[in-house]
Amino acid sequence: MLRSYQRDALEAAQRHISESFDSFVIEAATGAGKSHIIAALSEWLWNVSGKRVLCLAPSKELIEQNHKKFLATGHPASIFSSSAGQKSLRHHVVFGTPGTVINALDRFANFAAVIVDECHGITPTIKKIIADLKKKNPKLRVVGFTATPYRMNTGYIYKINMDGTPTDHDGYYTKLIYSIQARELIAMGYLTPPTTEATSEHYATAALEVNRMGKFDAAEVERAFEGHGRKTAYIVADVVRFSANRKGVLLFAATVQHAQEILSSLPPHNSAIVTGITGKREREKILADFHARRIKYLVNVAVLTTGFDAPHVDVIALLRATESASLLQQIIGRGLRLSEGKRDCLILDYAENIERHCPDGDLFNPEIKDPRVAPGGAPIEVRCPECSLWQQFKPRRNDEGFGCSEDGYFVDLAGTKTSTPSHYGRRCTGFIKVGWNYERCSYRWTLKECPKCDHENDIAARRCERCKAEMVDPNEKLRLEFARIKSDPYSASSDLVLNWSAKKWVSKKGNVTLKVDFVTECRSFSVWYMPESGRQWRELCIAAHGEVVPTVDDFLAKRPSLEIKRVTAMKSKSTGFYTVLNYNEEVQNEV
């Protein structure tokens with residue numbers, strides 16, 4: 001029996017097929033049960049057309065999994081895959097691997113549709129199969145299923161969004177017709193929520209660049225990850241520490257040599273390794289032991305990123321750099337399936353992947369780039385205020401027409417530098433020599449301050465890097481934001497305060513002000529206060545301290561005695577600045 005969202009996806013596909021010959025994509029997060037939707041859609045296509053349906057998948061495991069789900073409909077189906085040991089076309093629905101199908105295209109005729117699982121991996125082989133079947137049936141329907149409808153080198157794999165707007169990407173498929181994402185499935189209780197922890201050590205990957213093939217240079221990868229015995233041992237110890245009360249740990253290594261170095265620091269009686277050169281029988285035994293929980297730690301090199309399901313996995317440790325946002329999403333998805341007693345899945349990133357692909361800190365909102373298109377304009381150059389390194393980042397939208405400072409911040413129309421970065425860079429990519437070693441420059445344009453020790457952390461951090469205090473949970477923040485995003489900053493809005501901080505600020509004109517940064521459930525903004533400003537200064541002092549203090553220094557010297565739970569604020573269209581209208585205002589019931 002299909003779940004409600006699976007029925008919605010099926011009905012969306014049926015409507016599109018009934019109205020158009022165009023190819024389309026269904027986006028369904030890892031763990032959404034794509035195989036159930038594929039089975040139901042294949043059965044429907046066969047019934048309404050009387051013609052065969054070909055279901056392609058990139059691996060033996062996926063072919064067998066999808067075939068098994070179709071058999072549950074009560075109808076037979078064939079498998080056409082050398083790796084699966086069968087080449088049958090007996091039944092109306094055929095599950096095949098592209099490499100086997102393309103060598104027997106003369107046997108494939110009278111097909112109504114091709115369904116491509118993991119369709120983000122569109123290849124010349126798949127394109128050739130579809131082109132051949134279209135010659136035999138010009139009305140052939142082409143359906144793609146994927147959890148990640150984008151590719152590193154070309155951006156989105158479809159041309160038209162669900163709302164009809166163009167993607168500006170030259171995708172192979174025509175349109176996205178349905179999407180069910182991980183955060184929605186988590187809210188429904190069908191997936192386990194991911195959590196993150198601040199890691200105190202990481203590999204230096206900022207200098208890694210992709211080549212024309214869209215891959216990191218092999219020699220550069222080796223230099224970044226191999227032969228760092230002490231660092232690798234420290235990172236593995238960190239993984240073991242975080243995993244003390246966890247059930248299953250998947251570690252992703254950069255190379256085979258690197259995987260061996262990782263394994264040497266893991267508990268030998270409780271760990272194993274799987275790579276592309278692991279023999280078939282040995283691999284099956286290792287995976288069986290891992291599924292049965294006879295071993296806890298499983299190291300792999302690019303073999304367990306897709307099509308591998310071990311629901312008890314509750315730690316994903318990234319000790320490799322991923323070139324693509326799609327691969328990062330697939331890896332994270334390995335730990336999101338439900339399992340008895342499993343509350344969350346811990347994502348440990350030791351290679352700056354989240355920073356690279358999710359600049360806003362949202363694990364489910366990767367930045368999708370098309371190198372042939374320059375969304376938001378050409379990269380801008382900024383100089384780090386700390387180490388003076390010039391570097392390039394994607395610019396932020398600038399609807400207000402503000403200027404940009406050399407060190408990467410917007411400058412308002414009055415000539416005052418704001419606290420808002422003019423780009424999406426989160427942390428400086430430079431390195432500074434400290435003693436005998438080079439360390440990553442610590443300057444951050446976007447950060448989260450620890451409310452206990454004021455240490456500057458990455459915005460995705462769940463615990464403070466210095467004092468280990470728990471900060472705002474980014475997953476809870478995402479849930480709140482999706483529950484009630486308010487899109488109009490120019491209307492007064494009363495919002496729950498998640499965090500606020502104050503610091504002394506000297507304006508360009510030399511005036512001493514108090515800069516207060518508010519992080520609410522819906523937005524982040526800054527407000528500048530001067531003791532001479534009258535009402536605004538008095539109301540802030542009373543909200544924070546219960547009394548009015550005369551100077552900025554006096555305000556900062558006193559520890560806030562009251563809690564600011566809500567702020568009512570709005571943005572001025574004339575100045576572009578926010579103004580707080582009220583503190584801790586009672587909120588009316590929302591419709």
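Predicted model: local features only at pLDDT ≥ 70, side-chain atom pairs only at ≥ 80, totals over all residues.
Start with the open sheet of 9 strands, whose order is 4-3-5-2-6-7-1-11-10 and whose pairing is mixed. Select residues 86–87 for strand 4 and 158–160 for strand 10: these stand at the edges. Each has a single partner strand, so one side of each is left without a neighbour in the sheet.

Next select helix 3, residues 60–71. Helix 3 lies across strand 2 (52–56), strand 3 (78–81), strand 5 (93–96) and strand 6 (111–117), running at about 160° to strand 5.

Move to the open sheet of 6 strands, ordered 12-17-16-13-15-14 with parallel pairing. Its edges are strand 12 (194–196) and strand 14 (271–274); each has a single partner strand, so one side of each has no neighbour in the sheet. On average, neighbouring strands here are turned by 20° against each other, direction ignored.

Select strand 12 together with strand 17, residues 345–349: 3 bridges join these parallel strands. Thr195 is found opposite Leu346 of strand 17.

For the helix on this sheet, show residues 280–291, helix 10. Helix 10 touches strand 13 (248–253), strand 14, strand 15 (297–300) and strand 16 (313–319), and its direction makes about 140° with that of strand 14.

The model has 16 aromatic pairs. One of them is Tyr203 with Phe225, a tilted pair with 4.9 Å centre to centre and 55° between the planes. Tyr203 lies in the loop between strand 12 and helix 7 (218–225), while Phe225 lies in helix 7, so the pair ties together parts that are 22 residues apart in sequence.

Next select Phe402 and Phe410, an edge-to-face pair at 6.3 Å centre to centre, with 70° between the planes. Both residues are buried. Then show Phe80, Phe108 and Phe111, which form one aromatic cluster.

Finish at Arg241, whose charged end sits over the ring of Phe242, 4.4 Å from the ring's centre.

Methods. Residues numbered from 1 in each chain as written. Heavy atoms only, no water. Pairing = 2+ DSSP bridges. Helix = DSSP H or I, 4+ residues; strand = E, 2+ residues; numbered from the N terminus. Axes fitted to C-alpha atoms, helices over the stretch in contact; angles between N-to-C directions. Contact = heavy atoms within 4.5 Å. Phe/Tyr/Trp six-rings, centres within 6.5 Å; stacked < 30°, edge-to-face > 60°. Buried < 20%, exposed > 50% of the residue type's maximum accessible area, 1.4 Å probe, protein only. Lys NZ or Arg CZ within 6 Å of the ring centre and 35° of its normal.
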